[in-house]
Amino acid sequence: VLCNTRDEMITEVRKEVKEGVDIIKVAGDGDILNHASAWQSSLSSEDLKAISDMTHQLGKRCTIHARSGRVAAAAAKVGFDWVINATFTTEEDKDTLIKHQTHIIEDEMSLHAKKIKPANSDMSIYEIMKSCALTEDEEITLKNYVEEKNMMFLSTPFSRAAANRLQKMGVIAFKIGSGECNNHHFVEYISKFSKPVIMSTG
């Protein structure tokens, strides 16, 4: 929904909550794909604060999709519960932000993936993903760090085992990646946890 004024934004938040949404998601800086234009926010700090304040006043939570670490950090500072993306993040911003994915490779990939090597790598896609995945203890450490920053830890699971780990860790919501949005069995599995879901659709 496009809103031109702060009053329209507040009215739209009220409307969405009245219609039953649990989470308000805001586009913070558009579909930015390059670093040079990554700092252009579509909303002022005052706009973001108004959205955050109204959302929390109505007992709901809010998130922002922002490729710029600066824009996402600004949202975090005025009370947004979590941020999505923050592709272009500086040292100044990094303590405010975290976007994370949970991978348990043994449950996520077949053994055939050990034979597939991307054109720009000497490692198989299985080995690459295995080297990037955090252990459960590492993820718990990360979650604690995020919460110490007064932010909510949110992660995208890519398998049932990953979803089970996040549930065990006590996450307050799940994010489903756009690549899994039509994986109906997986979506249904996560829905059984009865927690809010942010669904990316690409």
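This is a predicted model: local features need pLDDT of at least 70, side-chain atom pairs count only at pLDDT 80 or more; totals for chains, interfaces and linings use all residues.

Visitor: What makes up the protein chain as a whole?

Guide: The protein chain has eight helices and seven strands. Of its 202 residues, 41% are buried. Among contacts between residues at least 6 apart in sequence, 54% join residues at least 24 apart.

Visitor: Which residues touch the most other members in the largest nonpolar core?

Guide: That core has 20 residues, and Ile24, Val26, Leu48, Ile51, Ile64 and Phe80 touch the most other members. At least two residues each come from helix H1 (6-18), strand S1 (23-27), helix H2 (45-57), strand S2 (61-68) and helix H3 (69-77). A second, separate core of 14 residues includes Phe153, Leu166, Ile176 and Ile190.

Visitor: What does Val26 touch, not counting residues up to four places away in sequence?

Guide: With those neighbours set aside, Val26 touches Leu43, Ile51, Thr63, Ile64, His65 and Phe80.

Visitor: Why is the pair of Phe174 and Phe193 called stacked?

Guide: The ring centres of Phe174 and Phe193 are 5.3 Å apart, with 15° between the planes. Phe174 belongs to strand S6 (residues 174-176), while Phe193 lies in the loop between helix H8 (184-191) and strand S7 (197-199), 19 residues apart. Both Phe174 and Phe193 are buried.

Visitor: Why is the pair of Tyr189 and Phe193 edge-to-face?

Guide: The centres of these two rings, Tyr189 and Phe193, are 5.8 Å apart and their planes stand at 85°. Because planes over 60 degrees apart count as edge-to-face, the pair takes that name. The search of the whole structure finds two aromatic pairs, and Phe174, Tyr189 and Phe193 form one aromatic cluster.

Visitor: Why is Tyr189 called partly exposed?

Guide: The relative accessible area of Tyr189 is 21%. Buried means under 20% and exposed means over 50%, so Tyr189 falls in between and is partly exposed.

Visitor: How do you know that the charged end of Lys114 sits over the ring of Tyr126?

Guide: The charged end of Lys114 is 4.9 Å from the centre of the Tyr126 ring.

Visitor: What makes Glu139 count as buried?

Guide: Glu139 has a relative accessibility of 1%. The limit for a buried residue is under 20%, and therefore Glu139 counts as buried. Glu139 is placed in helix H6 (residues 136-148). Leaving out residues up to four places away in sequence, Glu139 touches His100, Gln101, Thr102, Leu134, Phe153, Ser155, Arg165 and Met169.

Visitor: Is Met151 buried or exposed, and why?

Guide: Met151 is buried, because its relative accessible area of 11% is under 20%. Met151 is in the loop between H6 and strand S5 (155-157). The C-alpha atoms of Met151 and Trp82 are separated by 6.4 Å, although the two residues are 69 residues apart along the chain.

Visitor: Why is Gly59 called exposed?

Guide: Gly59 has a relative accessible area of 60%, which is over 50%, so the term exposed applies. Gly59 lies in the loop between H2 and S2. Its C-alpha atom is separated by 9.1 Å from that of Val17, 42 residues apart along the chain.

Visitor: What makes the phi of Ser194 worth a remark?

Guide: Phi of Ser194 is near 55°, a positive value in a residue other than glycine. Most residues other than glycine have a negative phi. Ser194 is found in the loop between H8 and S7, and at 66% relative accessibility, over the 50% limit, Ser194 therefore counts as exposed.

Visitor: Which residues lie nearest the centre of the largest pocket?

Guide: Of the 24 lining residues, Val1, Ile24, Lys25, Val26 and Ala27 lie nearest the centre. The volume of the largest pocket is about 770 Å³. S1 gives the most to the lining, with five residues.

Conventions: Residues are numbered from 1 along each chain as its sequence is written. Side-chain values use heavy atoms; hydrogens and water are left out. A nonpolar core is a set of buried Ala, Val, Leu, Ile, Met, Phe, Trp, Tyr and Cys residues joined through side-chain atoms within 4.5 Å. Buried means under 20% relative accessible area, exposed over 50%, partly exposed in between (1.4 Å probe, protein chains only). Helices (H or I, at least four residues) and strands (E, at least two) are DSSP runs, numbered from the N terminus. Contact means heavy atoms within 4.5 Å. Rings of Phe, Tyr and Trp (its six-membered ring) pair if their centres lie within 6.5 Å; planes under 30 degrees apart count as stacked, over 60 as edge-to-face and the rest as tilted. A charge sits over a ring if NZ of Lys or CZ of Arg is within 6 Å of the ring centre and within 35 degrees of the ring normal. On a 1 Å grid over the protein atoms alone, a cavity is a set of points where a 1.4 Å probe fits but cannot get out, and a pocket is an open set with protein on both sides within 12 Å along at least five of seven lines; lining residues have an atom within 4 Å of a point. Grid points are joined across faces, edges and corners, and a volume is the space filled by probe spheres set on the points.
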